[in-house]
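Please read them with the coordinates open.

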Amino acid sequence: MSPVAFVSTASSASESSFSDRMATLLARVECRRVDSEEGREAIFHLRYLAYLREGAISANPSGRFADAYDEADNAYIFGLYVDGELASSLRLHVASKEYQHSPSLGVFSDVLQPLLETGKVLIDSTRFVADERLSRLHRGLPYATLRICMLAAEYFGADHILAAVRAEHQAFYRRAFGHQLLCEPRPYPQLTKPISLMTVHFPSAAGRLYRRYPFFRSSVFEQRTLFEHRQRSAAQAGHKSADSKVAAQSRGAVRPSIKRENRRLAL
């Protein structure tokens, strides 16, 4: 899902003003990794409303939109709350040679498999949705939400940040973050409209992005708060308790070395 509001940052002056506005917004935003069933159901309903509004899915009586990838061991579901109210959500999967499981890999395996085989770590961002009313009130909400990708790239030592987006949203990702097109739109499971695949090479782009968007910077503490392993209960996750060992191993497979992480933070 794509942002509903685009913010112009054409000049140095406007970039400075935009950063100031983002700092004000972020002071009101709480980013939470959502593991509880109640929290996830609220996000699944937000997804449903957003995708239905864009005509990407058909109406269903459950009023929720979820899939099996939500329960993957390498999945992280986030909610952004403005003044305590759920405003947007983003789902990330961390894919590596040791743990090759993510939504985009299922659709674009011919493009992504070679990257994984050479040892690359991929942050696969999907299910980006926003509340219609709050996104109009807070025009910087897309940037606040996608900031999570930067934190994940730092924490996991990622090589690429992927974005699975519709063709009409490519321009925003290219202009705002420097994403490049990897693959033209293809049919995507559960969606009525085809999805393209874009990427930004994080080691090359990080310095530029941090200079342009200083609010993208984060501390190791913030990264650990969002991404350190917190085992969900077997009942919550819908898995047998024996799966916990597999989950821990899969997350450990993509954790970067401290040396690599610190190098990224120095950019």
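**Notes on the model**

1. Asp-83 is exposed, at 53% relative accessible area; the cut-offs are under 20% for buried, over 50% for exposed and in between for partly exposed, with a 1.4 Å probe and protein chains only. Its salt-bridge partner is Arg-28, and the closest N and O atoms of the two are 2.4 Å apart. A salt bridge here is a side-chain nitrogen of Lys or Arg within 4 Å of a carboxyl oxygen of Asp or Glu. Arg-28 is partly exposed, with 39% relative accessibility.

2. A word on the basis of these values. This is a predicted model, in which local features need pLDDT of at least 70 and side-chain atom pairs count only at pLDDT 80 or more, while totals for chains, interfaces and linings use all residues. Residues are numbered from 1 along each chain as its sequence is written, and side-chain values use heavy atoms, with hydrogens and water left out.

3. The chain has 12 helices and seven strands, taken as DSSP runs (helices H or I, at least four residues; strands E, at least two) and numbered from the N terminus. Of its 267 residues, 52% count as buried. Among contacts (heavy atoms within 4.5 Å) between residues at least 6 apart in sequence, 73% join residues at least 24 apart.

4. The salt bridges number 17. Arg-28 sits in the loop between α1 (12-26) and β1 (29-33) and Asp-83 in the loop between β2 (75-82) and β3 (85-95), so their pair ties together parts 55 residues apart in sequence.

5. Glu-222 and Arg-147 also form a salt bridge, at 2.9 Å from N to O. This pair links helix α9 (residues 220-227), which holds Glu-222, to helix α6 (residues 141-156), which holds Arg-147, across 75 residues. Arg-147 is buried at 12% relative accessible area, whereas Glu-222 is partly exposed at 26%.

6. Which residues lie closest to the centre of the largest pocket? The pocket has a volume of about 270 Å³, and of its 14 lining residues the closest to the centre are Val-29, Glu-30, Cys-31, Arg-147 and Glu-222. The elements giving two or more residues to this lining are β1, α6 and α9. By class, the lining has 10 nonpolar, one polar and three charged residues.

7. For the terms: on a 1 Å grid over the protein atoms alone, a pocket is an open set of points with protein on both sides within 12 Å along at least five of seven lines, a cavity is a set where a 1.4 Å probe fits but cannot get out, and lining residues have an atom within 4 Å of a point. A volume is the space filled by probe spheres set on the points, which are joined across faces, edges and corners. Ala, Val, Leu, Ile, Met, Phe, Trp, Tyr, Cys and Pro count as nonpolar, Asp, Glu, Lys and Arg as charged, and the others, Gly among them, as polar.

8. The structure holds six cavities of 30 Å³ or more. The largest cavity has a volume of about 90 Å³ and is lined by 13 residues, with Leu-146, Cys-149, Ile-161, Phe-177 and His-179 nearest its centre. Its lining divides into 11 nonpolar, two polar and no charged residues.

9. Helix α6 has 16 of its 16 residues buried, so it is largely enclosed by the rest of the structure. Just after α6, Gly-157 takes a positive phi of about 60°.
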